[in-house]
Amino acid sequence: MTSLAQACRTVLTTAEPRAKVKAARAAALDWRLGRLDHRFDVAMPDRPARPDRPELLPPNRMPKRGKGSEHGRIALIHALAHIEFAAIDLAFDMAGRFGEAFPRAFADDWMRVGAQEAIHFALLERRLVALGSHYGALPAHDGLWDAAAATANDVLGRIAVVPMVLEARGLDVTPATIERFSAVGDSTTARILTRILDDEVHHVRAGTRWFESVCSAEKLEPEATWQHLVTRYYRGLIKAPFNDSARESAGLTRKYYQPLADR
């Protein structure tokens with residue numbers, strides 16, 4: 001029987017976007033149906049495979065997106081698609097890299113998250129095509145994987161930064177993005193983003209739940225531990241505005257992030 005780790009590695013080492021989506025959904029389905037052994041016999045790659053396009057640039061070299069124009073909307077959808085593409089790898093790396101130290105429920109959560117990220121990417125990629133573009137037509141940056149590389153040997157650090165900072169930021173900014181697309185009559189993109197927002201609440205909740213589980217087992221104070229790890233591993237700022245209600249529903253209370261936001 002194929003191992004869970006091998007299935008995760010297959011996703012991570014698949015470069016072509018649609019093939020990665022297919023591999024992600026197949027791995028998640030195989031896990032859910034009991035076709036994968038809860039075994040960790042191969043290592044995850046240091047970096048996932050990437051297609052030739054989009055060109056990956058440092059964040060400070062990314063071109064500015066025009067606001068309000070058709071090109072600006074396409075550029076925003078492309079940026080969101082790239083985030084979801086990277087999120088596929090982040091979820092499967094979480095399961096394959098750290099799952100051995102956890103019960104099967106840990107893999108249940110992150111395999112499900114990975115499958116949902118693949119669906120998110122596929123929806124946005126299809127929307128780009130409908131608008132006359134495609135994923136890879138514009139440059140993107142690889143900052144999301146920088147956070148994964150920094151926490152490759154620290155599961156608490158990985159959970160603190162990826163679902164509880166990066167995905168939580170999506171909870172903050174996506175409602176305004178939905179309104180932006182709705183305001184110009186793009187109800188199709190608005191519906192896609194509404195679905196993504198709903199799913200991301202569950203992703204942040206999974207991160208918070210596992211973070212607090214580890215803290216409980218190791219007798220650590222969750223909020224102080226999170227703040228220490230975010231200060232250590234995350235280069236960006238924890239800044240308002242916050243979608244406090246969505247964060248609260250995901251278990252990420254103000255006690256976690258407000259002390260860092262006040263600095």
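Which residues of helix α1 (residues 4-12) are buried? They are Leu4, Ala5, Ala7, Cys8, Val11 and Leu12. The structure is a predicted model.

**Helix α1 and its buried face**

- Seen down the axis of α1, the buried residues fall within an arc of 165°, so they line one face of the helix.
- The elements that cover these buried residues include α2 (17-32), α3 (70-98), α4 (104-130) and α5.

**Helix α10 and its buried face**

- In α10, the buried residues are Tyr256, Tyr257, Gln258 and Leu260.
- These residues are on the same side of α10, because they cover an arc of only 165° around the axis.
- They pack against α6 (155-183), α7 (187-217), α8 and α9 (244-249).

**Packing of α8 with α10**

- Helix α8 (residues 222-233) and helix α10 (residues 254-261) have axes that come within 9 Å and cross at roughly 45°.
- The two helices, α8 and α10, are therefore oblique to each other.
- The crossing in which α8 passes α10 is right-handed.
- On the α8 side, the contact is formed by Pro222, Glu223, Trp226, Gln227, Val230 and Thr231, which meet Lys255, Tyr256, Tyr257, Pro259 and Leu260 of α10.
- By class, the residues in the contact of α8 with α10 comprise seven nonpolar, two polar and two charged.
- Tyr256, Tyr257 and Leu260 of α10 take part in this contact and are also among the buried residues of that helix.

**Packing of α7 with α8**

- The axes of α7 and α8 lie 10 Å apart, and the helices pack at an angle of about 110°.
- That angle makes α7 roughly perpendicular to α8.
- Phe211, Glu212 and Cys215 of α7 meet Pro222, Thr225, Trp226 and Leu229 of α8.
- The contact of α7 with α8 has five nonpolar residues, one polar residue and one charged residue.
- Pro222 and Trp226 of α8 meet residues of α7, and Pro222 and Trp226 also meet residues of α10.

**Ala148 in α5**

- Ala148 is placed in helix α5 (residues 143-150).
- With a relative accessible area of 2%, Ala148 is buried, because buried means under 20%.
- Leaving aside neighbours within four places in sequence, Ala148 is in contact with Leu90 and Arg158.
- Ala148 and Asp37 are 111 residues apart along the chain, and their C-alpha atoms are separated by 25 Å.

**Pro163 in α6**

- Pro163 is found in helix α6.
- The relative accessibility of Pro163 is 0%, and this residue counts as buried.
- Apart from neighbours within four places in sequence, Pro163 contacts Met94, Trp110, Arg158, Ala168, His203, Val204 and Gly207.
- The C-alpha atoms of Pro163 and Arg205 are separated by 8.2 Å, although the two residues are 42 residues apart along the chain.
- Arg158 is in contact with Pro163 and is also in contact with Ala148.

**Arg127 in α4**

- Arg127 is part of helix α4.
- Arg127 counts as buried at 15% relative accessibility.
- Not counting residues up to four places away in sequence, Arg127 touches Ile77, Asp186, Thr188, Thr189 and Ile192.

How values were computed
Residues are numbered from 1 along each chain as its sequence is written. This is a predicted model: local features need pLDDT of at least 70, side-chain atom pairs count only at pLDDT 80 or more; totals for chains, interfaces and linings use all residues. Side-chain values use heavy atoms; hydrogens and water are left out. Axes are lines fitted to C-alpha atoms, for helices over the stretch in contact, and angles run from 0 to 180 degrees between N-to-C directions. Helices (H or I, at least four residues) and strands (E, at least two) are DSSP runs, numbered from the N terminus. Angles under 35 degrees count as roughly parallel, over 145 as roughly antiparallel, 65 to 115 as roughly perpendicular and the rest as oblique. A crossing is left-handed if the near helix is turned anticlockwise from the far one by less than a right angle, and right-handed if clockwise. Contact means heavy atoms within 4.5 Å. Ala, Val, Leu, Ile, Met, Phe, Trp, Tyr, Cys and Pro count as nonpolar, Asp, Glu, Lys and Arg as charged, and the others, Gly among them, as polar. Buried means under 20% relative accessible area, exposed over 50%, partly exposed in between (1.4 Å probe, protein chains only). The arc is that of the directions from the helix axis to the C-beta atoms.
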